[in-house]
Amino acid sequence: MSFTLAIVGRPNVGKSTLFNRLVGKRLALVDDQPGVTRDLREGAGRLGDLRFVVIDSAGLEMVDDDSLQGRMRRLTERAVDEADICLFVIDARVGVTAADEYFADILRRRARHVIVAANKSEGRAGEAGAMEAYALGLGEPLRISAEHGEGLDDLYRVLAPLADRVEEERPQPIEAATDVDLSEEDAETGEGAEEWRPSEARPLQLAVIGRPNAGKSTLINKILGEERLLTGPEAGITRDSISVTTNFMGTPMRIFDTAGMRKRAKVTDKVEKLSVADGLRAVRFAEVVVVLLDVAIPFEQQDLRIADFAETEGRAVVVAANKWDLEDDKPHKLNELRASFEKLLPQLKGAPLVTVSARTGKGLDRLHAAILKAHEVWNRRVSTARLNRWLEAMTESHPPPAPGGRRIRLRYMTQVKTRPPAFIVKATHTDKLPDSYQRYLVNGLREDFDMPGTPIRLFFRDQGGDNPYRHKATKISQSGALSKHKTRQRPKG
């Protein structure tokens with residue numbers, strides 16, 4: 001069980017002290033001076049048998065402008081929007097202030113679940129302030145002392161049932177239908193039902209993956225048209241694989257924002273390990289995967305591993321180079337990107353490569369078109385007749401080798417699956433067929449049936465000397481013999 005707990009409140013009420021208490025480490029700076037915390041800080045929280053992500057936020061200020069305090073407030077409000085539970089901390093020794101009442105109203109409107117904690121309530125000095133907290137209208141306040149660890153058992157008592165409710169309320173993603181079997185009739189005609197097309201009932205499932213700080217959350221916010229996901233200059237803000245449903249330029253989509261994936265050797269934090277595992281799981285739920293690159297440092301080793309993982313999982317892949325607005329020599333850079341892509345990711349030959357700016361939104365139309373194209377190709381069907389005419393032409397143009405003088409014959413081909421496309425070739429001596437010839441056929445399929453970039457699965461079955469049309473030939477010969485027999489038995493007129 002996991003959930004997100006955001007600690008919010010005015011400056012200097014003890015939020016960072018409570019954060020350190022819940023994570024069991026002095027991760028956040030603590031000082032009597034208000035406003036020490038400015039950014040969101042996340043940690044692995046632990047309380048009894050509960051495990052959760054805890055967020056220490058900047059102090060809420062009654063400011064709406066673009067000043068530092070205003071930006072800090074907006075960041076905290078986004079944390080409120082995304083958190084499963086908000087822990088609203090007040091200073092019991094000061095009592096409820098006008099600012100507390102103002103922010104209580106914000107939480108009442110924006111937060112899913114709110115717990116009020118009257119901090120610094122040890123001794124008699126905090127009794128009156130703790131009683132005043134009832135007036136906020138957010139339920140029974142908890143009397144705690146973050147400094148001395150008092151009242152944490154009461155916090156556990158309130159958190160435990162809320163954690164269960166969060167688990168029930170959290171929308172479960174619809175598992176993507178992959179490796180869909182084709183009936184013999186659909187394989188023969190190359191046609192079939194169109195349920196794969198995105199609809200409100202079954203939106204296209206898209207995962208955005210990449211290294212930390214590539215701009216994944218910023219890109220999704222731009223698609224959504226609102227600051228829904230936490231963003232910032234710090235790498236690794238996103239921890240959970242968060243899914244949001246939207247209508248992207250007329251196409252219903254469920255988009256998964258994933259944690260940035262660093263090299264395994266650099267991942268030491270337990271929460272980050274869980275985050276990366278959650279991101280990989282999101283890829284398995286997705287139909288199309290957007291691998292987001294930072295255009296300043298594209299195609300690093302980790303980018304290649306991420307793209308290869310998506311291809312291995314059999315997902316349609318789109319490669320997007322972000323921060324294009326910062327590039328000066330765009331034509332030269334684009335040629336450089338394409339050359340590197342063809343050289344470093346041959347398994348994704350022909351996959352869409354688009355340039356975008358998550359910050360300005362430029363290139364989103366190209367990204368949308370590339371996603372739809374990749375999804376359509378991922379669902380492509382080719383009739384058996386077309387495949388066998390193509391196979392005959394391919395083998396005539398470049399015959400299979402004859403190892404040891406034994407000719408390899410490719411006799412019959414049909415499509416057996418979609419999402420991604422999978423084909424079976426019945427042949428002789430399949431164990432002798434070299435990988436280079438298999439790549440020749442896969443590249444031919446991509447080029448001749450307009451299937452660029454999508455994973456293609458090609459399986460070979462040893463048929464020996466059997467003729468795939470033997471049964472049809474037998475029926476024809478039997479019907480012919482029967483007609484001759486009837487002719488011989490016909491009485492003379």
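**Entry 1: the hairpin**

I began with strand S14 (residues 410-418) and strand S15 (residues 422-427), which pair in the antiparallel sense over 6 bridges. Strands here are DSSP runs of type E with at least two residues, helices are runs of H or I with at least four, and both are numbered from the N terminus. Two strands pair if DSSP finds at least two bridges between them.

Before going on, I noted that this is a predicted model, where local features need pLDDT of at least 70 and side-chain atom pairs count only at pLDDT 80 or more, while totals for chains, interfaces and linings use all residues. Residues are numbered from 1 along each chain as its sequence is written, and side-chain values use heavy atoms, with hydrogens and water left out.

Which residue of S15 stands opposite tyrosine 412? I found lysine 426 there. Further along, lysine 417 has alanine 422 of S15 as its bridge partner. S14 and S15 form a hairpin with 3 residues between them, and arginine 419 in the turn has a positive phi of about 60°.

**Entry 2: the sheet around the hairpin**

I then looked for the rest of the sheet. It is open and has 4 strands in the order S7-S14-S15-S16, with mixed pairing. Its edges are strand S7 (180-181) and strand S16 (457-462), each pairing on one side only.

S15 pairs with S16 in the parallel sense over 6 bridges. In that pair, isoleucine 424 stands opposite phenylalanine 459 of S16. My reminder to myself: strands of a sheet pair through backbone hydrogen bonds, either parallel or antiparallel.

Is S15 enclosed or open? I counted 5 of its 6 residues as buried, so S15 is largely enclosed by the rest of the structure. Buried means under 20% relative accessible area, exposed means over 50%, and partly exposed is in between (1.4 Å probe, protein chains only).

**Entry 3: threonine 430**

Next I followed the chain past S15. Threonine 430 lies in the loop between S15 and H13. Its relative accessibility is 18%, so threonine 430 counts as buried.

What is threonine 430 in contact with, leaving aside its neighbours within four places in sequence? I found Phe460, Arg461 and Asp462 (contact means heavy atoms within 4.5 Å). I also looked up arginine 409: it is 21 residues from threonine 430 in sequence, and the C-alpha atoms of the two are 8.9 Å apart.

Helix H12 (residues 384-397) lies across S14 and S15, running at about 135° to S14. Axes are lines fitted to C-alpha atoms, for helices over the stretch in contact, and angles run from 0 to 180 degrees between N-to-C directions.

How do H12 and helix H13 (residues 435-448) cross? Their axes come within 11 Å and cross at roughly 130°. That makes H12 oblique to H13. On this scale, angles under 35 degrees are roughly parallel, over 145 roughly antiparallel, 65 to 115 roughly perpendicular, and the rest oblique. The crossing is right-handed, meaning that the near helix is turned clockwise from the far one by less than a right angle.

In the contact, Leu387, Trp390, Leu391, Met394, Thr395 and Ser397 of H12 meet Tyr437, Tyr440, Leu441, Gly444, Leu445 and Asp448 of H13. By class I noted 8 nonpolar, 3 polar and 1 charged residues. Nonpolar covers Ala, Val, Leu, Ile, Met, Phe, Trp, Tyr, Cys and Pro; charged covers Asp, Glu, Lys and Arg; the others, Gly among them, are polar.

**Entry 4: the other sheet**

I moved on to an open sheet of 6 strands, in the order S2-S3-S1-S4-S5-S6, also with mixed pairing. Strand S2 (41-47) and strand S6 (142-143) are at its edges with a single partner strand each, so one side of each has no neighbour in the sheet.

Strand S5 (residues 114-119) and S6 pair in the parallel sense over 2 bridges, and alanine 117 stands opposite leucine 142 of S6.

Helix H1 (residues 15-23) lies across strand S1 (4-9), S2, strand S3 (50-56) and strand S4 (85-91), at about 55° to S2. Helix H3 (residues 98-110) lies across S1, S4 and S5, at about 170° to S4.

In H1, 8 of the 9 residues are buried, among them Phe19 and Leu22. After H1 comes glycine 24, with a positive phi near 75°.

In helix H7 (residues 216-224), 7 of the 9 residues are buried, including Leu219 and Ile223. Glycine 225 follows H7, and its phi is positive, near 80°.

**Entry 5: the whole chain**

Finally, I noted 14 helices and 16 strands in the protein chain. Of its 493 residues, 50% count as buried.
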